[in-house]
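Let's take a walk through this structure together.

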2 protein chains.
Amino acid sequence: MTFHQKLNAAWQEQDSLLMVGIDPDLDRMPTPLKHEGDQLWHFCRGIIDATAPYVCGFKPQIAYFASIGAESVLQTVCDYIREHYPKLALVLDAKRGDIGSTAEHYAREVFERYQADAVTISPYMGMDSALPYLARRDKGVIVLCRTSNAGGADLQSLEVAGRPLYLHVADMVANKWNEHGQCGLVVGATFEKELEAVRRCVGDDLPLLVPGIGAQGGDIGKTCLAGCNSQGSGMMINSSRAILYAGSQDDWAQKAAEAAKQTRDAINAARAPLKA
Amino acid sequence: MTFHQKLNAAWQEQDSLLMVGIDPDLDRMPTPLKHEGDQLWHFCRGIIDATAPYVCGFKPQIAYFASIGAESVLQTVCDYIREHYPKLALVLDAKRGDIGSTAEHYAREVFERYQADAVTISPYMGMDSALPYLARRDKGVIVLCRTSNAGGADLQSLEVAGRPLYLHVADMVANKWNEHGQCGLVVGATFEKELEAVRRCVGDDLPLLVPGIGAQGGDIGKTCLAGCNSQGSGMMINSSRAILYAGSQDDWAQKAAEAAKQTRDAINAARAPLKA
């Protein structure tokens with residue numbers, strides 16, 4: 001089963017476009033976990049179990065583990081998701097970008113060590129830098145396109161042959177890199193006109209990973225109108241902090257579940273007219 | 001002491017622009033180490049000790065450690081370089097690119113966990129994605145500009161307002177991101193005309209990290225002519241595989257030392273006329 005097939009099945013069976021970002025920050029652990037030895041793992045497992053009913057997948061962010069030398073916890077998190085929720089998409093957010101044998105080693109990191117279904121990468125080094133990931137035909141390769149931060153415009157909005165660079169990237173990925181139907185694009189919810197332009201450029205089949213709702217302020221209704229495909233689907237709409245830190249007391253997991261359910265429901269309400 | 005001051009001192013005191021990339025591949029370990037339990041560490045330490053007399057610094061590539069779960073070895077390698085060769089520059093090649101709190105976690109990884117002097121990052125997400133690194137004023141931030149792979153042209157050579165994107169990046173980094181004199185650029189030795197254009201664009205003071213000689217085929221003489229500043233300096237010319245795997249038998253460390261000395265000497269011969 002390829003990443004795209006798995007993701008499509010998860011969208012349908014879970015009736016959810018919500019993806020929960022696993023970005024565990026030790027400074028923001030719930031009070032009851034603060035003095036536990038393996039609080040990072042307890043927190044991640046609690047969030048995964050609480051929110052799994054409401055999501056199409058999980059997106060662990062490697063930086064939060066790497067900053068504190070907790071790669072073994074990330075490995076446990078990935079193992080746990082694959083074992084307990086095998087139908088949910090597992091996207092490793094790593095934004096890797098390198099060439100040749102170095103890129104091959106990054107591909108081994110994400111697909112052999114962590115055994116993720118998909119990875120995020122940067123387009124800056126060009127198509128040959130993506131080949132080691134694309135060589136794993138069952139895996140997903142999600143390329144940065146228009147990121148959710150204001151500074152993303154510094155490069156991504158530069159005009160290239162009459163259109164912004166991010167649309168050139170969208171076109172290039174959809175029509176060259178995606179030969180075997182493995183690619184997706186990262187497009188922020190914070191710029192819905194750009195999101196709409198990317199969807200128009202790439203058509204219905206390319207999945208978009210959309211950060212920027214929740215803590216970053218992107219609007220769910222506008223995001224669905226702009227980014228859904230003609231079946232009212234096609235996005236992994238990511239939320240991290242707004243769900244992970246919805247509560248800080250004994251009911252932190254319950255609060256996370258409620259926040260995930262509310263977000264999924266808001267997404268589904270916004271896309272309902274598009275599915276008709 | 002800032003990264004730039006440390007690098008300038010290393011260039012002078014070592015009389016070398018050569019940087020050795022620490023990219024240890026388990027498949028290419030010297031025969032005598034193949035059956036040792038901690039061959040990765042023995043190999044790295046052997047390479048560091050053998051080549052240290054001939055280099056301005058070392059550039060460990062994190063992917064080679066991450067692919068096999070050997071972050072603890074990378075930590076030991078960085079500790080060893082700082083302790084035994086405190087005057088040499090320690091650049092962590094990570095090509096990171098992310099925003100906000102995630103970028104802050106990557107900055108902690110490189111500057112607190114590994115305590116490198118500088119890091120490589122991607123420009124694609126814009127200036128705000130570089131701020132967590134730039135906030136460490138004594139640290140170096142080396143931004144991808146024109147990479148050494150052919151596919152680099154896919155994005156980097158696109159025309160933006162009459163010049164290629166990589167020159168726009170060079171200009172932006174030199175004149176906006178470099179407010180506190182911390183920045184450098186990655187420019188491949190495999191495209192010497194582009195290297196020359198970048199040097200002309202950024203002036204004398206911005207250090208260039210130049211991969212692509214050795215295994216990738218870049219010419220040392222042309223590289224020095226194209227990329228040196230007006231003092232015949234200003235580059236970290238990186239070689240990895242051609243030095244690391246110069247020998248595979250009992251004399252592997254000696255062979256690496258000879259390859260490093262020869263490369264340093266070839267660089268110095270090529271830049272001698274420029275220093276006059």
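How many residues does the contact take from chain A and from chain B? The contact takes 43 residues from chain A and 43 residues from chain B, where two residues are in contact if their C-beta atoms, placed from the backbone, lie within 7 Å. On the chain A side, helix 5 (100-113) and helix 8 (165-177) are among the elements that each supply at least two residues, and helix 5 of chain A gives the largest share, eight residues. Helices (H or I, at least four residues) are DSSP runs, numbered from the N terminus.

A word on the ground rules: this is a predicted model, so local features need pLDDT of at least 70 and side-chain atom pairs count only at pLDDT 80 or more, while totals for chains, interfaces and linings use all residues. Residues are numbered from 1 along each chain as its sequence is written, and chains are lettered from A and ligands numbered from 1 in the order in which they are written.

Now for the symmetry. Turn chain A by 180°, with a shift of 0.0 Å along the axis, and it lands on chain B with an RMSD of 0.0 Å (superposed by least squares on the C-alpha atoms of residues with pLDDT of at least 70 in both). That's the relation of a two-fold axis. In chain A, V160(A) has the C-alpha nearest this axis, 2.8 Å away.

Finally, peek inside chain B. The axes of helix 10 (residues 220-227) and helix 12 (residues 252-275) of chain B come within 9 Å and cross at roughly 40°, the axes being lines fitted to C-alpha atoms over the stretch in contact, with angles that run from 0 to 180 degrees between N-to-C directions. I220(B) and A266(B) are among the residues making that contact.
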